[in-house]
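Work through the exercises below with the model open beside you. Each task is followed by a stepwise solution.

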Amino acid sequence: MEATMVLQLAGEGKLKVDDKLSSLLPEMAEHDYVDRADEITVQQLLRHTSGIPDFDESGKFDVFDFTTVYERIDLVKAARTVPRRGDPGQYRYSTTNYVLLEMIIERVTGRDLAGEFQRRLLAPLGMKDTYLATKPSKHIIKGPHGHGYHPDAKGRPRDVDRLNVTPSAVISTAHDVSAFYRALSQGRLVPAELERQLPRPFPNLCGGTVSSASGGLPGISSTTFSTADGRIQFAMAATLKIDNEKATAVGDATAKAAEAVLCPGS
């Protein structure tokens with residue numbers, strides 16, 4: 001969703017995908033918050049090919065700490081303490097890329113991220129059960145919901161419906177996420193020449209005619225599968241109380257279920 005908003009800004013001429021990080025956020029180079037900020041482009045942030053480490057690898061953040069409010073710059077600074085694992089252009093997933101994209105969205109628009117989500121995606125697509133959580137809370141998930149569990153630092157299973165999600169995290173439903181991907185697949189959000197900049201994970205079902213997008217946190221997994229035209233979709237959300245190996249097995253089973261629905265003749 002953030003990537004879509006960035007590409008909308010590109011379509012409006014407010015930035016370019018080959019803009020350098022240092023030109024959009026000069027402080028990243030001036031204060032050495034991001035190594036090689038003058039080389040890294042918006043496109044590389046979008047595709048996780050910037051080489052910027054993931055702030056989570058710093059070990060400085062506890063999602064079960066409900067008292068500390070983190071700012072985006074705190075996450076960027078923490079990532080700077082982690083050794084770089086690759087050069088710009090090499091793929092390596094890092095959440096820090098999208099923290100920086102959030103900062104770019106706010107810098108370019110002059111508005112807060114939650115407002116841009118509402119104006120650009122949530123209101124136009126009728127995503128009434130989707131919102132941006134921006135602070136620690138006892139109830140970051142509103143209304144009835146499933147409960148997934150993940151061990152804390154001491155190995156105790158903790159309900160992940162309460163996490164420190166600062167500075168922001170999107171809370172949504174399978175229905176709303178499917179609405180977003182349907183609109184994206186049908187070209188209603190981003191011009192086709194820009195839409196190709198978006199990463200397309202796992203486009204290997206039904207002979208490459210079905211794409212999928214996954215999201216979630218430890219203890220929660222959700223995936224939406226869509227045909228190329230977005231007319232047929234299969235969405236599944238699962239709550240987990242298992243280790244990573246078994247979580248992978250759940251993902252494999254979800255993919256097999258999607259294949260049975262979307263390409264039964266395969």
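**Exercise 1. The hairpin**

Task: In the hairpin of β6 and β7, find the residue that takes a positive phi, and describe how the two strands pair.

Solution. 
Step 1. Look between the strands. This is a predicted model. The hairpin of β6 and β7 has five residues between its strands. Among them, G230 takes a positive phi near 75°.
Step 2. Trace the strands. β6 covers residues 220–227 and β7 covers residues 233–239. They run antiparallel, joined by seven bridges.
Step 3. T224 in β6 stands opposite A235 in β7.

**Exercise 2. The sheet around the hairpin**

Task: Give the strand order of the open sheet. Then say which strands stand at the edges.

Solution. 
Step 1. Order the strands. The open sheet has three, in the order β5-β6-β7, with antiparallel pairing.
Step 2. Find the edges. β5 (210–217) and β7 each have a single partner strand, so one side of each is left without a neighbour in the sheet.
Step 3. From one strand to the next it averages 10°.
Step 4. Inspect the β5 side. β5 and β6 pair in the antiparallel sense over eight bridges. S214 stands opposite T223 in β6.
Step 5. Recall a general point before viewing the faces. In a regular strand, side chains alternate between the two faces of the sheet.
Step 6. Place the helix. α8 (residues 174–185) lies across β5, β6 and β7. Relative to β6, helix α8 runs at about 35°.

**Exercise 3. Aromatic pairs**

Task: How many aromatic pairs does the structure hold? Classify the pair of F55 and F61 and the pair of F180 and Y181.

Solution. 
Step 1. Count. There are four aromatic pairs.
Step 2. Take F55 and F61. Their centres are 5.6 Å apart, and the angle between the planes is 85°. Planes over 60 degrees apart count as edge-to-face, and this pair is edge-to-face.
Step 3. Take F180 and Y181. The ring centres are 4.9 Å apart and the planes stand at 70°, so this pair is edge-to-face.
Step 4. Check burial. F55 is buried, with a relative accessible area of 14%. F180 and Y181 are both buried.
Step 5. Ring pairs link F55, F61 and Y70 into a cluster.

**Exercise 4. Charges over rings**

Task: Which rings have K142 and R162 over them?

Solution. 
Step 1. Start with K142. Its charged end sits over the ring of Y131, 4.3 Å from the centre.
Step 2. Move to R162. It lies over the face of F66, at 3.6 Å from the ring centre.

**Exercise 5. The disulfide**

Task: Which residue does a disulfide join to C206? State the handedness of the link and what it ties together.

Solution. 
Step 1. Count. The structure has one disulfide.
Step 2. Identify the partner. C206 is joined to C263, with an S to S distance of 2.1 Å.
Step 3. Read the torsion. The value about the S-S bond is -75°, and the link is left-handed.
Step 4. Locate the ends. C206 lies in the loop between α9 (192–195) and β5, while C263 lies in the segment after α10 (244–262), so the pair ties together parts that are 57 residues apart in sequence.
Step 5. Check burial. C206 and C263 are both buried.

**Exercise 6. The surroundings of T130**

Task: Where is the place of T130, and which residues does T130 touch?

Solution. 
Step 1. Locate T130. It lies in the loop between α7 (113–122) and β1 (131–133).
Step 2. T130 counts as buried, at 6% relative accessibility.
Step 3. List the contacts. Leaving out residues up to four places away in sequence, T130 touches L122, V170, I171, S172, T173 and D176.
Step 4. Take S172 from that list. T130 and S172 are 42 residues apart in sequence, yet 4.3 Å apart in space, C-alpha to C-alpha.

Technical notes: Residues numbered from 1 in each chain as written. Predicted model: local features only at pLDDT ≥ 70, side-chain atom pairs only at ≥ 80, totals over all residues. Heavy atoms only, no water. Phe/Tyr/Trp six-rings, centres within 6.5 Å; stacked < 30°, edge-to-face > 60°. Buried < 20%, exposed > 50% of the residue type's maximum accessible area, 1.4 Å probe, protein only. Lys NZ or Arg CZ within 6 Å of the ring centre and 35° of its normal. Pairing = 2+ DSSP bridges. Helix = DSSP H or I, 4+ residues; strand = E, 2+ residues; numbered from the N terminus. Axes fitted to C-alpha atoms, helices over the stretch in contact; angles between N-to-C directions. Contact = heavy atoms within 4.5 Å. Disulfide = S-S within 2.5 Å.
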